[in-house]
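Here is a short note to read beside the model. Please keep the structure open and find each residue as it comes up.

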Amino acid sequence: MPGWGAALRQRSLFSPSRIDGVDLARGLAVIGMLAAHLLVIPDLDWTDPTTYDGLVHGRSSILFATLAGVSIGLISGGRRPVSGPRLATVRLRLLVRAAAIWVVGVVLMLLAVPVYVILPAYAVLFLIAAAVLPLRARSLAIAAVAVGVIAPFPQAAIDALAFWSTPAGDDLSNAVGWHYPFLTWIAFVLAGMAAARCDLRRPVTPVLLAFVGAGLAVAGAVLDVVWGGSESFGETVWTGQAHSSGLFEVIGSGGFALLVIGACILLCRTPLTWLALPLRAVGSMPLTAYSAQIVVWAVSRPAPEPGTFELDAYRALEPFWPMTLGIIAACTLWAVLVGRGPLEAGIDALARLIVPGVAADPGGSAADRGVSPRPDKLER
């Protein structure tokens, strides 16, 4: 039995340095993504409680982006940012990971599944994050607020350009994941990095995250109900609609992500963390889980029929529960028997091979990344 316990501790999921609540939050984001992709869920209307399952739309991808920032913050030193040679090592490895994730994204796009793959957007976000690795929590938080409040305005102007309706615009949009535009979405990554810099192991940190996140989520919802989409304010910036990158979505959904992260960390400080093990396993390898979903979709989708929308045809097969339970079971077995997810481990090994050296990497979560698709195709 002692030998079994020692073997488990060698698995990344059971490493003492790993933060269970972060993995749980990622796992919930994956399940939310699957629900948004594979189930017919109504658009969220805060005045109609029957539509509250629409929370998965948009918020799953924003939670992933925020958690990506948490991972970047952890691998770059956590509370104390790395400096000197270690900073250079972390930065270069992050760039290698960005390139590798972009390649994986392109491969998934070639499968022609009706999803807008987010991985290219993540690659761009990692490039930007690499420039701000030395910043501490306060500076990152200020930057996140500034970007979140300002960026939606130029974002709306850029989105209105006719260029995006051209073939070249469509190609560029796919190449950089513009549906998750880095101009605005870097705010979520910065917020996640700030959270990691606050030291997620301190008793008070997840409480503050949950409290601040809840306040922002409520504020975004109220603002959207009162002013969202009104003609006097316009419908492109002053909105909380999912995937709009509008001001109220940034506030509300960004706050929701912080709330979930804080709540998950608090929950995993109790014995309930063991009940959440299967979801934590999924969250320990989100890139693998997401990619597996796309591959399974590609090989199991029915032949297209004239006049039938492919996404509707696939949803008619009711694939949510088989795919979700299959991913949970496979990730749990892999985490217990092998360790890190294959894509996470492979990309991390590649980064270490290309950029040798010593760098902070607490918890072994360097390559854990979240993903999610776009509204008119996958996630609405």
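This is a predicted model: local features need pLDDT of at least 70, side-chain atom pairs count only at pLDDT 80 or more; totals for chains, interfaces and linings use all residues.

The points below go from the whole chain to single residues.

1. Next, the overall make-up. The protein chain has 17 helices and zero strands. Of its 380 residues, 53% are buried. Now look at contacts between residues with a separation of 6 or more. Residues 24 or more positions apart account for 80% of these contacts.

2. Look at one pair of helices. Helix α3 covers residues 56–75, and helix α11 covers residues 247–267. Their axes are 9 Å apart. The packing angle is about 60 degrees. Angles of 65 to 115 degrees would count as roughly perpendicular, and those under 35 as roughly parallel. The two helices are therefore oblique to each other. The crossing of α3 past α11 is right-handed.

3. Which residues make this contact? From α3 come R59, I62, L63, T66, L67 and V70. From α11 come E249, S253, G254, F256, A257, L258, V260 and I261. Sorted by class, the contact of α3 with α11 has nine nonpolar residues, three polar ones and two charged ones.

4. Now the salt bridges. The structure holds seven of them. One joins R26 to D23, with the closest N and O atoms 2.8 Å apart. Both residues sit in helix α2, which spans residues 20–38. They are three residues apart, about one turn of the helix.

5. Are R26 and D23 buried or exposed? Buried means under 20% relative accessible area. R26 has a relative accessible area of 2%, so R26 is buried. D23 has 1%, so D23 is buried too.

6. D348 deserves a close look. D348 forms a salt bridge with R340, and the closest N and O atoms are 3.1 Å apart. Both D348 and R340 are buried. D348 also meets R352 in a salt bridge, at 2.9 Å from N to O.

7. Where do R352 and D348 lie? Both are in helix α17, residues 342–354. They are four residues apart, about one turn of the helix. R352 has 33% relative accessibility, so R352 counts as partly exposed. D348 has a relative accessible area of 6%, so D348 is buried. Shared partners link the salt bridges of R97, R340, D348 and R352 into one network.

8. Find T273 in helix α12, residues 272–275. With a relative accessible area of 6%, T273 is buried. What does T273 touch, not counting residues up to four places away in sequence? The partners are D20, L267, C268 and R280.

9. Finish with R197, in helix α9, residues 182–197. R197 has a relative accessible area of 3%, so R197 is buried. R197 and L74 are 123 residues apart in sequence. In space, their C-alpha atoms are 7.6 Å apart.

10. Check the contacts of R197 as well. Neighbours within four places in sequence are left aside here. The contacts include G73, S76, G77, G78, R79 and P81. L133, L135, R136, A137 and L140 are also in contact with R197.

How values were computed: Residues are numbered from 1 along each chain as its sequence is written. Side-chain values use heavy atoms; hydrogens and water are left out. Axes are lines fitted to C-alpha atoms, for helices over the stretch in contact, and angles run from 0 to 180 degrees between N-to-C directions. Angles under 35 degrees count as roughly parallel, over 145 as roughly antiparallel, 65 to 115 as roughly perpendicular and the rest as oblique. A crossing is left-handed if the near helix is turned anticlockwise from the far one by less than a right angle, and right-handed if clockwise. Contact means heavy atoms within 4.5 Å. Ala, Val, Leu, Ile, Met, Phe, Trp, Tyr, Cys and Pro count as nonpolar, Asp, Glu, Lys and Arg as charged, and the others, Gly among them, as polar. A salt bridge is a side-chain nitrogen of Lys or Arg within 4 Å of a carboxyl oxygen of Asp or Glu. Buried means under 20% relative accessible area, exposed over 50%, partly exposed in between (1.4 Å probe, protein chains only).
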